[in-house]
Amino acid sequence: MENASNAPLRHRSSLRPTDPRQVFLPLGVGALLGLGGYVWYEKSRRNPVGFRPDDSAPRRSARDTPETGTVVGRTVTINKPRPELYAFWRDFANLPRFMSSVREVRFDGDTATWTLAAPAGRTVSIVIRIVEDRADERIVWTSTERSQIAAEGSVTFRDAPAGRGTEVEAVMTYDPPGGEAG
């Protein structure tokens, strides 16, 4: 009988498993745990307000939708009283002074024709009619059938917080000349 101490030694290295399952199973579990940890970490950092589901927000929040055209808008705070800013806006002849796309404004009775810069050095005309006018609060206009493009807009005047003047919010919706490419 052969002595156990004389038997050839067969040593298996623990660093090199012979069964692939011994390698891939721990790697797979580690990858899943890592992915789960990453997802949890990212979710915990998220601003919950920024990820709310869609609601029935006003058209202003939608951009470039076929039903509404292109929506542009801006709110600024100006250190002037509401009546002064309302009077300035109500005289559409002032528009070229602060709106870079408005080249000229002409008046014809109860309408005004705005000549606007368009792509490729061209211009377009919008004939607008005021549809709502609340002194020192709001002006709303819409284009007429004589316009080259359909447009509507409004400007709203609100007292700024802490007596800092007036918040002026201007919003305009229009169908760009040349469609989406324009």
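Ala 120 counts as exposed, at 79% relative accessibility, where exposed means over 50% relative accessible area, buried under 20% and partly exposed in between, with a 1.4 Å probe and protein chains only. The structure is a predicted model, in which local features need pLDDT of at least 70 and side-chain atom pairs count only at pLDDT 80 or more, while totals for chains, interfaces and linings use all residues. Residues are numbered from 1 along each chain as its sequence is written, and side-chain values use heavy atoms, with hydrogens and water left out.

**Residues with positive phi**

- Ala 120 lies in the loop between β3 (111–117) and β4 (123–134), the strands being DSSP runs (E, at least two residues) and the helices likewise (H or I, at least four), numbered from the N terminus.
- The phi angle of Ala 120 is near 65°, a positive value in a residue other than glycine.
- Asp 136, placed in the loop between β4 and β5 (138–143), also has a phi near 65°, positive although the residue is not glycine, and Asp 136 is partly exposed with a relative accessible area of 26%.

- Thr 156 belongs to strand β6 and is buried, with a relative accessible area of 11%.
- The side chains of Thr 156 and Arg 138 are joined by a polar contact of 3.0 Å, that is, a pair of N or O atoms within 3.5 Å, of which, within protein, one must be able to donate a hydrogen and the other to accept it, residues adjacent in sequence counting only if both atoms are side-chain atoms.
- Beyond its neighbours within four places in sequence, Thr 156 is in contact (heavy atoms within 4.5 Å) with Glu 137, Arg 138, Glu 167, Val 168 and Glu 169.
- Ala 160, in the loop between β6 (151–159) and β7 (166–174), is buried at a relative accessible area of 6%.
- With neighbours within four places in sequence again set aside, Ala 160 is in contact with Thr 77, Gly 165, Thr 166 and Glu 167.
- The C-alpha atoms of Ala 160 and Val 76 are separated by 9.7 Å, although these residues are 84 residues apart along the chain.

**Lining of the largest pocket**

- β1 (70–78), α2 (82–90), β3 and β7 each supply at least two residues of the lining of the largest pocket.
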